Amino acid sequence: MDLIRSFIAIEIPQDVKDTIVEIQKNLRKIGANIRWVKTDGIHLTLKFLGDIKETDISKIEARLKNVCNGFLPFILKVKDMGVFPDIKRPRIIWIGIEDASGTLQQLQGKIDFVIKDFCSKKEKRERFTPHLTIGRIKLPYRDAGLLSEAMDEFEKSEVGTFEAKEVSLIKSDLKPEGAMYTTLARISIGHHGS
């Protein structure tokens, strides 16, 4: 039986991605030890599922529909920049997501709850921190000062704003040239059709 490596995410509109690509271009000057995320790999991950059975896709979709019906579309602001876990040992370069309404946290919490019996991986992350991963740092990384400086330039930058209208179930195929993403299902947020 085929297992599908998958996750649940909110997809990012093209205009916001274009701005992120510009930021990545500017950050490339800080050295070659960073693997930049390709545009199609930039999304707001709500829940990483790990390997799921193909037969579970429709069940997951039904649960997501159930959850998403209880919410209305909401506005997200893409802004600020940072690294995980910290600037002394940077592993991931991210751009933040701000949600003034608090809807995103609630939506993610409910999805997390209804989907947990499909997850093959138990995540140790305590708190959901909405972010877009734009670069992964290969170790050892010696240019933290340079990275810090380059990021200061964009730290408070506003990348864009968009309305979150749907949640996607996405398949991720790991290939030597990087992950390939396929959207398996799109679920509207709110009761509107589509």
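How many residues lie between S8 and S9 in their hairpin? There are 2 residues between these strands. Welcome to this predicted model, in which local features need pLDDT of at least 70 and side-chain atom pairs count only at pLDDT 80 or more, while totals for chains, interfaces and linings use all residues. Residues are numbered from 1 along each chain as its sequence is written, and side-chain values use heavy atoms, with hydrogens and water left out.

Helices (H or I, at least four residues) and strands (E, at least two) are DSSP runs, numbered from the N terminus. Strands S8 (residues 166-175) and S9 (residues 178-188) run antiparallel and are joined by 10 bridges; two strands pair if DSSP finds at least two bridges between them. Glu166, for instance, has Ser188 in S9 as its bridge partner.

Now for the helices. The table uses axes fitted to C-alpha atoms over the stretch in contact, and angles from 0 to 180 degrees between N-to-C directions.

| Helix pair | Axes | Angle |
|---|---|---|
| H2 (residues 57-68) and H3 (residues 103-115) | within 10 Å | roughly 145° |
| H1 (residues 14-27) and H4 (residues 144-154) | 10 Å apart | about 145° |

Ile60, Arg63, Leu64, Val67 and Cys68 of H2 make the contact with Leu107, Lys110, Ile111, Val114 and Ile115 of H3, where contact means heavy atoms within 4.5 Å. These residues divide into 8 nonpolar, no polar and 2 charged. Here Ala, Val, Leu, Ile, Met, Phe, Trp, Tyr, Cys and Pro count as nonpolar, Asp, Glu, Lys and Arg as charged, and the others, Gly among them, as polar.

In the other pair, Ile23, Asn26 and Leu27 of H1 meet Ala150, Met151 and Phe154 of H4. The contact of H1 with H4 has 5 nonpolar, 1 polar and no charged residues.
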